[in-house]
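Work through these exercises with the model open. Try each task before reading its solution.

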Amino acid sequence: MFDSVRVRLTLWYTGVLALVLVCLAVGTYYLVARTTDRRTFISLAEISQGFLTTLQSEYKDQLNEKAPDPLRAAAEESVQEFRLRDHRFAVLDSAGNVLAENQALPAPREPVRKAAQREIPSEVLRNLVAGSAGAPRQLQDLTLGREHFRARVLQAQVGGSRISIVTLQSVESERELLEDIRTALLWVIPVTLVIASAGGYFLARKSLAPVVAMSEKAGRIGAQNLHERLPVQNARDELGYLAGTFNRLLERLDRSFEQQRRFMADASHELRSPVAVIRGEAEVALSQARSPEEYRESLTITLDEARRLSQIVDDLFTLARADAGEYPLRPRDFYLEELASDCMRAARSMAAARGITLSYEPDGEMPIHADEALVRRLAMNLLDNAIKYTPEGGRVNVICQRAGGEYSLTVRDSGPGIPAEAREKIFERFFRFDPARTHSGRENSGAPETAASAMTGAGLGLAIGRWIAEAHHGRLQLVQSDFSGSVFVAYLPASSAGGEASPPVNDAAAAESTTDPRAEPTRT
């Protein structure tokens, strides 16, 4: 039961409300009781002083009438004159003898039998006087039968004699009031808690109903229906924000699954073609006896397709490790302009076979701290892609220069350009904007190939190139593509020339390939 969020919320709400109600009830009861005691104290003080004034006046009258015992006579007259409801008076002399006392007036409509009041024992009155000796303003509690009183003793001088005036005030009405308050609170608090608990559980259940609906919907979503989304009742509240966040996660997963499915389909298609060619050539070569020249031609075709198959597998392995974050960077110091020059020399034979002119424009020394093998692969991919799709007699221009805090490696060709609708997709894996020209039209080519491998490609080169640039905190962009040709620019941060790159996973490989970043860059 306590595993339910609704139950826990209800219990927390009920507990907090109970604590608040109990504190409020205790505070209210204490305030009423304190106010009642204060009013009783003030009432007794005022009435005692009024009785003393009456007693002094009566004493003067008795003196004028020459009564034999004027003090006692004045006390008896005063207690008879000063009869109040819920109040009783007694006058004692200095020896503790009771001079006079009275009884309170009965309440309206009070039965006679109930109105009968007990006399106050003299011993009780003397104890009250003795109890007030150290604290004359202090009130004392007194119980006569079933009735409770508050007593105040007033010491005074009347006619040269010291007297004590004991004033009693019944507190039965105040006790009944406090009892009624206690009874009401003992009923109101539990009933309020029960009603509040039921309402809190209902509100918690209603508030968490969207969570239950989202949970049930999420439990039905799998790889086959990732296009479905969680219901969002109110996009502006917390639960709506949670559902929206989860829906965006599902959308990213859906895109990722779709890319993986497309990747697997395209990879299967790319791997099937060279395997089919190798198998076909082997079957043709073995179908009958052939001349050495024919066997050599079949083996050459088989070798070219095997190289292409090997390159595709290598590219797929590279991208798989990159996606998993398991491809270690092995940074070292080198000069970017010299690496670009080496790549130009490596691509010269392929360009010469097609009559393409290569030109190179370096912009001074460009020391950089990066993974030299990956940066070389990036440059060769761009060069290979430009040479493949530049017509015979065209030109390819490579420019290395520094732009602010980064280096730019620009590869410009004089090919036919890329259609506008395909420019956003050229960096996708296996993407070709012209499916009918699988091996002849411009494509997202693979890694560099030899001249013997002709114009084949798997559509992975630009994808790998963009990953290499981003792994070095740079970027690869198509900045221009029209009838005059296309321009690809790879930006690499120049500040990394003396910094540290991501550490390789294999410490031995890192120690073998990583140099001290403070050392002089190696010239090749």
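**Exercise 1.** Does Thr 167 count as buried or exposed, and why?

*Solution.* This is a predicted model. Start with the cut-off: buried means under 20% relative accessible area. Thr 167 has 0% relative accessibility, so Thr 167 counts as buried.

**Exercise 2.** Classify the ring pair Phe 51 and Phe 89, then trace the cluster.

*Solution.* The structure has four aromatic pairs. In one of them, the ring centres of Phe 51 and Phe 89 are 4.8 Å apart and the planes meet at 5°, so this pair is stacked. The pair links distant parts of the chain: Phe 51 is in helix 1 (residues 5–64), Phe 89 in strand 1 (residues 87–92), 38 residues apart. Phe 82 pairs edge-to-face with Phe 89, at 5.5 Å between centres and 90° between planes. Phe 51 is buried. Phe 82 is buried at 18% relative accessible area, and Phe 89 is buried at 0%.

**Exercise 3.** Which ring does the charged end of Arg 475 sit over?

*Solution.* The ring is that of Tyr 491, with its centre 4.1 Å away from the charged end of Arg 475. For Arg 466, look at Phe 427: Arg 466 lies over the ring face, 3.9 Å from the centre.

Terms used
Residues numbered from 1 in each chain as written. Predicted model: local features only at pLDDT ≥ 70, side-chain atom pairs only at ≥ 80, totals over all residues. Heavy atoms only, no water. Buried < 20%, exposed > 50% of the residue type's maximum accessible area, 1.4 Å probe, protein only. Phe/Tyr/Trp six-rings, centres within 6.5 Å; stacked < 30°, edge-to-face > 60°. Helix = DSSP H or I, 4+ residues; strand = E, 2+ residues; numbered from the N terminus. Lys NZ or Arg CZ within 6 Å of the ring centre and 35° of its normal.
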